[in-house]
Amino acid sequence: MDVKATAKTVRVTPRKARLVLDNIRGKNVDEALAVLEFTPNKAADAIAKVVKSAAANAEHNYQLNRDELYIKTCYADEGLVMKRYMPRAKGSASQILKRTSHITVVVSDEK
């Protein structure tokens, strides 16, 4: 059975989140959390939260065994983009895009 958890509008760019998600795809939940704990990236903390949430959803809502869970799919979609402006030379301004992501993790117990 597939169980999903999503974190929306996480203040990290999707490109950087995907780099971390590639490291944990297909791994056991406990092994993935161990990898995320020692990953020196801001996205790793948010992704660890989502993995824990998906595992808790599987345990609580569907009575699945946590030891058998593995990460089936995980992806980061683009969320809202906050637009800010910075003053530049000669009275002009340039746009700064502060990107956010929607991080989704699907765990499963069947191989």
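Predicted model: local features only at pLDDT ≥ 70, side-chain atom pairs only at ≥ 80, totals over all residues.
Local features are shown at pLDDT of at least 70 and side-chain atom pairs at pLDDT 80 or more, while totals for chains, interfaces and linings use all residues. Residues are numbered from 1 along each chain as its sequence is written, and side-chain values use heavy atoms, with hydrogens and water left out.

**View 1. Helix 1 against helix 2.** Helix 1 covers residues 14-24 and helix 2 covers residues 29-37; helices here are DSSP runs of H or I with at least four residues, strands are E runs with at least two, and both are numbered from the N terminus. The two axes sit 9 Å apart at an angle of about 140°. Axes are lines fitted to C-alpha atoms, for helices over the stretch in contact, and the angles run from 0 to 180 degrees between N-to-C directions. That angle makes helix 1 oblique to helix 2 (under 35 degrees is roughly parallel, over 145 roughly antiparallel, 65 to 115 roughly perpendicular, and the rest oblique). Helix 1 brings V20, N23 and I24 to the contact, and helix 2 brings A32, V35 and L36; contact means heavy atoms within 4.5 Å. Sorted by class, the residues of this contact are five nonpolar, one polar and no charged (Ala, Val, Leu, Ile, Met, Phe, Trp, Tyr, Cys and Pro count as nonpolar, Asp, Glu, Lys and Arg as charged, and the others, Gly among them, as polar).

**View 2. Helix 1 against helix 3.** Helix 3 spans residues 42-62, and its axis comes within 9 Å of the helix 1 axis, crossing at roughly 55°. Helix 1 is therefore oblique to helix 3, and it passes helix 3 in a right-handed crossing. On the helix 1 side you'll find K16, A17, V20, L21 and I24, and on the helix 3 side A43, A44, I47 and V51. The tally for this contact is eight nonpolar, no polar and one charged.

**View 3. S108 in strand 3.** S108 belongs to strand 3, residues 93-108. With 0% relative accessibility, S108 counts as buried (buried is under 20% relative accessible area, exposed over 50%, partly exposed in between, using a 1.4 Å probe and protein chains only). Beyond neighbours within four places in sequence, S108 is in contact with M1, D2, E68, L69, Y70 and K72. Its C-alpha lies 9.1 Å from that of L64, 44 residues apart along the chain.

View 4. Take T104 in strand 3: it is buried at 4% relative accessible area. Setting aside residues up to four places away in sequence, T104 touches K4, A5, T6, T73, C74 and Y75. T100 is in strand 3 too, and its 2% relative accessibility counts as buried. A polar atom of the T100 side chain lies 2.5 Å from the backbone oxygen of L80. Residues touching T100, sequence neighbours up to four places away not counted, include T9, V10, P14, D77 and M82.

**View 5. V10 in strand 1.** V10 is part of strand 1, residues 2-10, and counts as buried at 15% relative accessibility. Apart from neighbours within four places in sequence, V10 is in contact with A46, T100, S101 and I103.

Notes
Left-handed = near helix turned anticlockwise from the far one by under 90°. Polar contact = N/O pair within 3.5 Å; in protein donor to acceptor, adjacent residues only side chain to side chain.
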